[in-house]
Amino acid sequence: MNTFSEGQYDAVVIGAGHAGCEAAVALARTGLKTVMLTLNLDSIGFMPCNPSVGGTAKGHLVREIDALGGEMGLVADLAALQYRMLNEGKGAAVQSLRAQTDKNKYHTEMKRLLEHTENLRIVQGEAADILTEDGHVTGVVTSYGGIFSCRAVIVATGVYLNARTITGETIAESGPNGFARATMLTKALIRLGFRVRRFKTGTPARLDGRTVDRSALTVQPGEEVYPFSFLSDGVLPADHQEVCYLTYTNAETHKIILENLNRAPLYNGAISSTGPRYCPSIETKVVRFSDKERHQLFLEPEGADTTEVYVQGMSTSLPHDLQKAMYRTVKGLEKCEIVRYAYAIEYDCVDTLDVLPTLEFKKVKGLYTAGQINGTSGYEEAAAQGLMAGLNASLALRGMPPLVLRRDQAYIGVLIDDLVTKGTDEPYRMMTSRAEYRLVLRQDNADERLTQIGYDCGLVTEERYQKFLTRRALREATAAALEERAEQRKANALVQEHGQPPLSAGVTYADLIRRGIPLQNICDVFGILQDVPADVKLSCETEVRYAGYLKRSRDEAERLKKMEQSPLPADIDYAAIAGLRLEAREKLARVRPLNLGQAERISGVSPADIAVLMVYLSMKK
C-alpha cells in the first residue's frame, strides 16, 4: 500500500460516536490540533439503539459531562421531544433525568457543532493501524494509506470493530443500522498488547406509527422538569412535549418465543458472545423470568419528522417472520407493520484492566481508549469516557497533571474506577447502586462538584463559568434564606397539617424541612423562593434534610482520599511480599493499582491484604 502524509496533528480521535465526539471537542477546545476519523460522516453522534438520553444513573452522567464542559447535555436539550424524571417518588440521590430525543436532530446538531469547532478536522476514513516508536504513539494510518502524525490517539470505535449483525439464521458482516464495519484495527490493537474480547448488544424493531392503535394504550406524558445542560434555559411545557405509550407482552407473546427457541440465535449457538445483563432481549426475559405473566414495553417516537416508533423493552434477534408474529400479539400492535427489523450485534472490545485511570493504555504512552471498546454499554457511559480520555490526552500534551475523578467526586469517577480496577466480563452499565456516595453525587449539584475542575483544565468556557458562579451565589443565598425564622402562626398550621404537634418555640424554614415537610410546600405557604429554579431548591433542601448522612459520606470520602495518597510503586513484585494471599497476589499483579485506595477496591483483595501492603510500604520507607 502506498502511503502519504495527511499532516502533523496533536491528536487523532478514531470514531465519531458519543465517545469520539466528546473526546474531539475536549482536545480541540483546549487548543490542540485534532483530527477525528469516522467510517461515515452520517454516523457522527448517531443513536443506533434507543432514541433517548439519560435514565437511571445515566442522567447523572449527562449532567456531569455538561458540568465539566462537554456537549451531550446541550445537544440532548436541543433535540429533546419529551422529558421525564425517573424515580421521582424516591430520594433525590436516585432521581434521574431522561429525555426522548429526535435521533436525526441529535446527529445533525452534533455534526454541526463539530464542524464549527476550531482546531478540529473531520475525515471520513477507516483507521487501519496505530504507529508507535519507543513505546509512544506517533501516528495513525488509514486504509487508503494516509498517515496522520500525532502525539496522542483516542480509540473510540464503538461497536464497529469486526461487527456482525445477527437476525435469526441471517448473519451480516455489518455495523449498526446497516453502516459499514471496521475490519482492520483489531489486529493493530492485539499487536500493541491489548487483550480483545467479544461482546454483544441488540435493538428492538421500529414500527410504522400509522399502524399502531394508540387508543388501546396507556399514555406516558412528558413533565416540565429541568434540562440536562446548566446552559439551557428550560424545557418545553409538558403539554407541548411528545407523548410515549405503555403496553405489555402477554401469554401469547411468550408462547411464540418459547416454542421457537431453536430458531433464537441466543439459544441455538449462533451467538456465543456476552450480552448486557441489565438490558436483556425479550427472549432472555421470557426464559429467565418464566414466572412473570407480562413485561412492560414503551412505544417511543424516533423523531419529530418520522412515523417510526421504537419499542423499548423488546430487543430481539429472532428471525423476521417470528418478529412480525410476536410484535402483533401485543395490545395496540395487532396490525403493526415493521419498518426496521430488530437485530443483535457482536463486536470486539478490550480488557480495561490494561488501562490506567486516565484511560491511557498501560503499554503505550499517548494511546487512550473510550466508550464501548472499553466494554461499556450506553451512549452516556461512552460520552463520559470520551470526555475524560480527550481531556487527559490534552492535559498530558500540555504538560499538566492528569485528571482522575474520585468515587466521591462523580459518577464518572465510579464508572472509570470500576472499569480499570474491577474490569468487566459483560457490557457495563452505570447504576445508582454502584455509587457508594450517591447522596453526595446528585444531579442537582453536578456543577458544584465539577465545573471549577473543568474550568481549571481549560475546557469550561468563560460563559459557562460565569453562569456557574451566578448559580453558586444563588444556591448560597437560598441556603441562607432557609435559616431565617418562619412566621410562627403559619408554621404551627403547617406542622399540624402534617400530623405533628404544635411548636413550642420559633423555627426556621430549615427546621421545618428537618421535620419532613417538603420545601415546595413551605414555599407555597410562606411565599418564599418563588423565582429560584427547582433544581437549586432541591439541592438546598437535600443538604438540609440529609445533613447527617452527608457528613458521614464526606468523612468516609476523606478516609478514601488518604488511602489514595499512599502510592504503590509501579515495579512492586507482589509475588515476593510475604503475608499476601495467593489470590491477592494474582489480582494485584494483574491490575497493578496506583495506590492503596485502588488496591482496596480490587475484587479478591481483603482488608488483611491491605494491612500487609501498608506494613510493606512502611518498611520500604
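In which strand does Thr-165 lie? Thr-165 belongs to strand β12, residues 164-167; strands here are DSSP runs of E with at least two residues, helices are runs of H or I with at least four, and both are numbered from the N terminus.

Colleagues, this is a predicted model, in which local features need pLDDT of at least 70 and side-chain atom pairs count only at pLDDT 80 or more, while totals for chains, interfaces and linings use all residues. Residues are numbered from 1 along each chain as its sequence is written, and side-chain values use heavy atoms, leaving out hydrogens and water.

Let me stay with Thr-165. Because its relative accessibility is 12%, Thr-165 counts as buried (under 20%; exposed is over 50%, partly exposed in between, with a 1.4 Å probe and protein chains only). Leaving aside residues up to four places away in sequence, Thr-165 touches several residues, among them Thr-170, Ile-171, Tyr-343 and Ile-345 (contact means heavy atoms within 4.5 Å).

I turn now to a sheet. Six strands form an open sheet in the order β16-β17-β18-β19-β15-β20, with antiparallel pairing (two strands pair if DSSP finds at least two bridges between them). β16 (218-220) and β20 (338-340) are at the edges with a single partner strand each, so one side of each has no neighbour in the sheet. Within the sheet, four bridges join the antiparallel strands β18 (residues 296-301) and β19 (residues 308-312). Leu-299 has Val-311 as its bridge partner in β19.

Finally, a helix. Leu-258 lies in helix α6, residues 251-258. With 46% relative accessibility, Leu-258 counts as partly exposed.
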